[in-house]
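Please work through the exercises below with the sequence and the three-dimensional structure side by side, trying each task before reading its solution.

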Amino acid sequence: MEGPEEVIRRWSQTPIKLLDIRHITMKPGEKLQPYRLPSSAFLFANQGEASLSLDGVEASPSNNQLIHGAKGALLNISCFNRPFDYYLIFYKPLLERVPIQAPHEEGSTPTPFMQSYAFQAKQPWTLLSLLEPMHRQWSEDGDLARLQVNGLFYQFLHEQFRQLLDSPAESETADLAEGIARYIQEYYRQAISMETLANLFHYSTHYLSRVFKRKYECSPLEFLVQTRMNRAKALLAEEDVAVRDIAESVGYTDMYYFNRLFKKQTGITPAQFKMHKLGMKSSISTNFMPKSFIESRAGTDYIVNKDNHYQYRAWDVDDMNASFKPTFAVALLFSLSLLLAACGGAGTNEKQGAQGNNQQQNEKPADASSKTKTITDGLGRQVEIPAAPSKAVVISYGGYLLPLGLKPVGVDQTTLTLYPDDMAGVSSIGEGLGEAEAIAALQPDVIILPDFYSPDIYEKYQKIAPTVAVAWGGDPDVVNTLRTIGDVMNRKEQAEAWITKFEEKLQRIRDQIDVKIKPGTTAATFILYKGEVLLGGEGGTLGKLIYKDFGFQMPEQFKQYADGGTALQMEALVDRPADYFFTQMTEEEMGPMTELFQGSLYQAVPAIKNNRVINVTRDKWNYGPYLVDEAVDEFVQKVMDSQK
């Protein structure tokens, strides 16, 4: 008899030809007369009551038995009082150079394909989840279906050998609730219902739900949704893939349904979540900007004053009355409303909830004499941090320490690139989330990062230093984010000082607003990405501006998505098109978008035909107060230029 390693090696090196796949249900009292297997075969006893014997050797009458029989072996089955359900897979090993001896020939060493064995499957649902599509695809015509069957068969082989060779410690019957959870985590991409689970685990749907909820405090289907959404979040944050493709990869073909579930779980839509990642990409300037789009005036300069960095001379709060002109009211209202939304003015329940989760709750004194304080971060986690951290590693939010009079000890490379002077002497932890080794080498006393990464990221960094997730809130929110980080860093007064000056600047603009929009004028706000339209809703950064402050109407076909963004096909921009487009594209993305809109299909769209496409670049809105303040001035200047 060959050892397990040799058996597996022979299987891996021998081509297999599948001959037939059968799914049979026997009636109570029915018998299968001695049946000589025409080829080697696997038999899986799914459910019911029956006695089985192979070459006169009785197999266990319990369910979930897996039997392998050699060609010529005699199979007997007698069904008892309940219908007996089983699968049969007939196959032929293509042994061209190896002589095949009869299994009972004296002195012979049977190949793995000629050995008979039986065992109780420890995780039968994993085998059944492969057998069902194998049988279904076997009945399909075409080479593609057969190719899929062959792939599933080798997965079946791997799974049955894994269970057969489990060590005794691993071979105990799995806890039912844990088994359901493992099945969901393994096959979440497939359609799973309570009936599916009942058929797999041979219990009623009511019993399965009760057992599962007792252990996991949710139903199996709720666990399925959580599993899918966690995977979707990881893909949205880390992979450069279209939202629609991500939805399909986690088991959803209905985008609207996927959007609703995702927002229910996270508070924001998949498109908004995707924008978080897009917002963390710097852009490369491009000169490809035709006249049909609003563009920045070349050579715009900024006066950089590190002590008062948010003051841009042309729009200094002290100069506002002198430099303001009524003809620019639309431009100013646009910039103001954008900033009010970015500063927490969107007013949506989801955003208020996200910020509420991020309020710091000091359970210990936070004065200078206290060593630590406990806060509740953006994920609702209780995190104990130093009362006055001095060595912070900050991912994405590094620029928020500057108005506080602080510098982080380490930031992501993008932040360093955006702040070449202000971050002089600060160490790079690498791109994106950085390298754990580089972070650990800096010996930080706190790590700060956004709240939209997968849970394992926070667990990983928590082992290095106390890790605080700061709520993103669905949109860049400079005021509330600065307040939060001011609390974390024990610099509340410095945070409020900057916020006060910033809001005074906004109020000067607000006092000059007088805008009238023709009733019924429609507008849409979106990002074009990977061939999709990431649509903004009424409560996003531009939502309050467009649909409340300005009084634009959302196009009728988009009203079902008014509670938040979604991902749509490009054709949505042409079907009953809008009068205005407000886009949030980076400069490097504007060229391809402009080229796209020059096509005849889009030239008939009123927003494009009438040169009413206004872009609000997102480059500077995510990385801290200084850059947000520059972005305000840059945007106002852009709209002013468009009025000339």
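The exercises that follow concern cysteines, nonpolar cores, a sheet and a helix pair.

The model is predicted, so that local features need pLDDT of at least 70 and side-chain atom pairs count only at pLDDT 80 or more, whereas totals for chains, interfaces and linings use all residues. Residues are numbered from 1 along each chain as its sequence is written, and side-chain values use heavy atoms, with hydrogens and water left out.

**Exercise 1.** Determine how many disulfides there are, and whether Cys79 is buried or exposed.

*Solution.* Begin with the rule that a disulfide is a pair of cysteine sulfur atoms within 2.5 Å; by this rule the count is zero. Next, apply the accessibility classes, computed for protein chains only with a 1.4 Å probe: buried is under 20% relative accessible area, exposed is over 50%, and partly exposed lies in between. Cys79 has a relative accessible area of 6% and is therefore buried, and Cys218, with a value of 6%, is buried as well.

**Exercise 2.** Find which residues touch the most other members of the largest nonpolar core.

*Solution.* A nonpolar core is a set of buried Ala, Val, Leu, Ile, Met, Phe, Trp, Tyr and Cys residues joined through side-chain atoms within 4.5 Å. The largest such core has 116 residues, and those touching the most other members are Trp11, Phe153, Phe258 and Phe581. Its largest share, eight residues, comes from helix 7 (residues 220-238), where helices (H or I, at least four residues) and strands (E, at least two) are DSSP runs numbered from the N terminus. A second, separate core of 38 residues includes Leu404 and Val632.

**Exercise 3.** Describe the strand order of the open five-stranded sheet and identify its edges.

*Solution.* Strands pair if DSSP finds at least two bridges between them, and the order is 14-13-12-15-16, with parallel pairing. Strand 15 (residues 446-450) pairs with strand 16 over four parallel bridges, and Leu449 stands opposite Ala469 in strand 16.
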